[in-house]
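Open the model in a viewer and keep the selection tool at hand. The stops below are meant to be taken in order.

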Amino acid sequence: MRARGVTGRGSRGGSWWGKARLLLAVLLPALLAVAQPSEAGSRLVLPMPVLKPGEGLSLTLGDGEVRSYGEAQKEAPMGGLAKLIWMRLEGSDWSSRNVQFRCQGMAGSFLCGKREGHGRMDLGRALAEDCDLAFLVWIAEAQTRWLQDYGDAAARLRMEEVFAPFLGRRLPPGEGLPAFSAAWVGGGDLLRTSPEAFLRWLMEPQQGEVVIFGKRYLAGFWVEVKDLFGKEGWWFKTGTAPVIGEPTATSAWVAGGRGSALVVLHLPRGQGKPEGLARIREILGLKP
């Protein structure tokens with residue numbers, strides 16, 4: 001079971017798109033230089049959150065202060081947010097190789113949450129669509145490389161160090177890599193967090209690249225240009241998670257940011273993308 005890695009897509013410099021990108025690369029630094037807002041004007045102002053029962057919200061406006069509301073300290077299975085942990089571990093390699101995967105609803109013994117599959121996946125789309133199968137295939141390849149590069153014990157230590165804040169004492173002891181399963185991309189309840197705990201994790205300097213990937217893949221290529229004209233530049237990673245003790249129920253997560261502001265929301269019921277996006281935009285006072 002191997003992903004289809006692509007190291008390049010060939011030169012598009014002669015196409016209109018290639019020329020447009022070249023023009024943007026030339027003009028954007030100049031536009032940024034003349035369009036920089038003042039420090040006071042760049043501060044994000046959000047409305048006071050009004051939450052529903054069971055919801056938890058934590059946010060920072062980039063000042064280092066954490067503001068928490070509702071059930072922000074209540075721990076729950078982290079579901080699709082686990083993919084941001086993998087971006088911390090493997091995001092640079094996957095991005096540089098432009099990994100690809102065709103999701104047809106099944107890969108080996110693993111099933112996709114979307115029965116008909118997601119179709120052709122690159123890293124950005126897999127992150128946005130929360131495609132478990134794409135990440136599972138890419139992770140399997142990464143673990144094979146770890147064993148070759150580091151050996152069993154060091155590979156496990158590397159993985160444990162990054163996932164430690166979300167494992168508690170639920171990982172069975174051992175010296176080799178843990179059993180490879182859907183639990184590592186958000187299935188089941190192995191990985192857990194709370195809105196406040198995940199926000200604090202995102203705020204750590206070593207997670208800076210995760211935030212950069214979020215903006216790059218989830219806010220869109222034109223986010224820098226939109227910022228120039230005062231348009232919203234939010235990125236949001238949604239995820240669906242199981243509910244402990246209720247096999248048919250799901251909860252929803254949203255983690256996102258704009259500039260130095262970050263926000264994490266947990267809904268006690270719902271599907272990640274539709275309910276999560278609608279609710280976070282409502283709370284933040286953004287247009288539907």
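Select strand 11 and show its side chains: A261, V263, L265 and L267 point one way, L262, V264 and H266 point the other way, and all are buried. The strand runs over residues 261-267, and seven of its seven residues are buried. This is a predicted model.

Strand 1, residues 56-60, pairs with strand 11 in the antiparallel sense over five bridges.

Now go to the turn between strand 10 and strand 11. These two strands form a hairpin with two residues between them. Pick G259 in that turn; its phi is positive, about 60°.

Next, select residues 132-149, which make up helix 5. How far does helix 5 reach from its first C-alpha to its last? The 18 residues reach 25 Å, close to the 26 Å expected at 1.5 Å a residue. Buried residues in helix 5 include L133, F135, W138 and W146. Just after the helix, G151 takes a positive phi of about 90°.

Move on to helix 6, residues 152-167. Its 16 residues have end C-alpha atoms only 19 Å apart, short of the 22 Å that a straight helix would reach at 1.5 Å a residue. Center the view on E161, where helix 6 bends by about 45°. A proline, P165, follows within four residues. Then color A155, R156, M159, V162, F163, F166 and L167, which are buried in helix 6. The buried residues of this helix pack against helix 3 (82-97), helix 5, strand 8 (192-193) and helix 7 (195-203). After helix 6 comes G168, with a positive phi near 60°.

How many disulfides does the structure hold? It holds zero. C112 is in no disulfide, and the nearest cysteine sulfur, that of C103, is 3.7 Å away. C112 is buried, with a relative accessible area of 10%. For C131, the closest cysteine sulfur is also in C103, at 3.8 Å, too far for a bond. The cut-off for a disulfide is a pair of cysteine sulfur atoms within 2.5 Å. C131 is buried too, at 0% relative accessibility.

How values were computed
Residues numbered from 1 in each chain as written. Predicted model: local features only at pLDDT ≥ 70, side-chain atom pairs only at ≥ 80, totals over all residues. Heavy atoms only, no water. Buried < 20%, exposed > 50% of the residue type's maximum accessible area, 1.4 Å probe, protein only. Expected span 1.5 Å × (residues − 1). Pairing = 2+ DSSP bridges. Bend = angle between axes of the 7 residues up to and from the residue. Contact = heavy atoms within 4.5 Å.
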